[in-house]
2 protein chains.
Amino acid sequence: MRISELSRRSGVSIPTIKYYLRDGLLPPGRATAANQADYDDSHLRRLRLIRSLIGVRGLSVSATRDVLAAVDKQRENVHLLLGLVLGILPADRGGEPEGSTQADDTSAPAGADADADVSGLSEVAALTAEMGWKTSPHTPAAQVVAETLETLRALGVDYDWRSLLPYAELADRTAALDLDQLADASDPLQQAERAVLLTVLLEPALLALRRLAQEHHSAQRYGGG
Amino acid sequence: MRISELSRRSGVSIPTIKYYLRDGLLPPGRATAANQADYDDSHLRRLRLIRSLIGVRGLSVSATRDVLAAVDKQRENVHLLLGLVLGILPADRGGEPEGSTQADDTSAPAGADADADVSGLSEVAALTAEMGWKTSPHTPAAQVVAETLETLRALGVDYDWRSLLPYAELADRTAALDLDQLADASDPLQQAERAVLLTVLLEPALLALRRLAQEHHSAQRYGGG
DNA sequence: AGGAATGGCGAGTGACACTATCCATAGTAG
DNA sequence: CTACTATGGATAGTGTCACTCGCCATTCCT
């Protein structure tokens, strides 16, 4: 099919498809002439996947490109694929610029940003040890947990890795559920895509379920406002 | 204290503080002259909270403003506060522009975006009914779950609300944990802030815990790559 | 007295995700 | 064979966001 049909069937505008082609999100079609290429169902499928990752999950275009590259590269080894993808995913916070906003902070020890990772990461190590998780530290996920812990304390909340243990327990079961669903999959590409969908695309939905449950529990405890 | 001290103690640059003041994130200091105001610890505290919501959680400036306004307004009723905050929080995906990209999609029924909410929301209703959750439909969280369900199916994954039940079960316990931690809090402002911190700020950390657990389980099942 | 700091304002910046316009060529309906 | 639309490729422009800068008339502080 040509680009106009691809656009019509995917609901993505032609300029946007061209943009994805240029940025390497979508592989080029088979060229039939200098200004003619044709696309097949794999392009359509890929385009839908792109739109889901960007539109539903909220990944940036570059993160999406990296994730898709990982899918293409490691489609036969789900473990390696997950490792790649989990390393690629952003920390789910806007994205910290590198330059330090303010360097000094001489008087107060309250600045709380400089050595957040140092002490926080050792706490995460304690948490993963307690859980029996064999995970490499320094992974983005560990950084996020460490930073959150530090931030909560800087804001005066009495929190340490032990406070997160119950959550870790629930996360463990959630992950077990996730992995269960990858067992049954036909071909490698299907399984690779499914792995990405069920780990990455499900994230907003899981947060949303937590919010629904919070709403319910809040009403239960504090009376229906 | 004056703005320079506020900046030094918070680690936020003066121009940024001015920007937050202008945008109503930070209440103005007590004016002592035409070009002089002084700030107190509440401003410092608020500024740290702002930085956490924006920097750690990744909220937009306007969402942060709304959340803070809710905290100030409903600091004595945690249920109402949570309701407000849960209604304010974005769906955690970039943020869909309103204008439809492509209207027609005549031939294929695969476009899958138009009536996503319609059938999806009834599924979410089934899910919440099964869970015994008394939540209002049409809440952003319900929309996200509905949209995710639709998207997964559009991508060929066999998924419906029943598939989410185990996750909902875990989300329910997570929310129970969350609410437990709000029981002990001294003054209303403390509790209101704590509610926001433990529900909003914890979100990235919970996803991170899931990723750590996924890494572990993946290694367990597929052998340590 | 005089240099530094302040508040308040408008304008500028860089990143991001598109979106629009060109152009030379290719398909295609008459 | 011709007029007309569509295509791929490239360059430039748009709107939003979260700051960041520069300016100015005070005001502080020494």
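Just after helix 7 of chain A, A:Gly156 takes a positive phi of about 90°. This is a predicted model.

Helix 7 of chain A has 15 residues, and at 1.5 Å a residue they should span 21 Å. Its end C-alpha atoms are 21 Å apart, which agrees. The helix is largely enclosed by the rest of the structure, because 11 of its 15 residues are buried. Among these buried residues are A:Glu147 and A:Glu150, along with A:Ala146 and A:Leu149.

Helix 7 of chain A (residues 140–154) also packs against the other chain. Its axis and that of helix 9 of chain B (residues 188–222) come within 8 Å. The crossing angle is roughly 155°, and the two helices are therefore roughly antiparallel. The crossing is left-handed.

| Helix | Residues in the contact |
|---|---|
| Helix 7, chain A | A:Ala141, A:Ala142, A:Val144, A:Val145, A:Thr148, A:Thr151, A:Leu152 |
| Helix 9, chain B | B:Leu197, B:Leu198, B:Leu201, B:Leu202, B:Pro204, B:Ala205, B:Ala208, B:Leu209, B:Arg211, B:Leu212 |

The residues of this contact between helix 7 of chain A and helix 9 of chain B divide into 14 nonpolar, two polar and one charged.

Chain B has its own helix 7, at residues 140–154, and B:Ala142 is found there. B:Ala142 has 2% relative accessibility, so it counts as buried. Leaving out residues up to four places away in sequence, B:Ala142 touches B:Leu121, B:Val124 and, from chain A, A:Leu212. The C-alpha atoms of B:Ala142 and B:Gly120 are separated by 8.9 Å, with the two residues 22 residues apart along the chain.

Notes: Residues numbered from 1 in each chain as written. Chains lettered and ligands numbered in written order. Predicted model: local features only at pLDDT ≥ 70, side-chain atom pairs only at ≥ 80, totals over all residues. Heavy atoms only, no water. Axes fitted to C-alpha atoms, helices over the stretch in contact; angles between N-to-C directions. Helix = DSSP H or I, 4+ residues; strand = E, 2+ residues; numbered from the N terminus. Parallel < 35°, antiparallel > 145°, perpendicular 65-115°, else oblique. Left-handed = near helix turned anticlockwise from the far one by under 90°. Contact = heavy atoms within 4.5 Å. Nonpolar A, V, L, I, M, F, W, Y, C, P; charged D, E, K, R; others polar. Buried < 20%, exposed > 50% of the residue type's maximum accessible area, 1.4 Å probe, protein only. Expected span 1.5 Å × (residues − 1).
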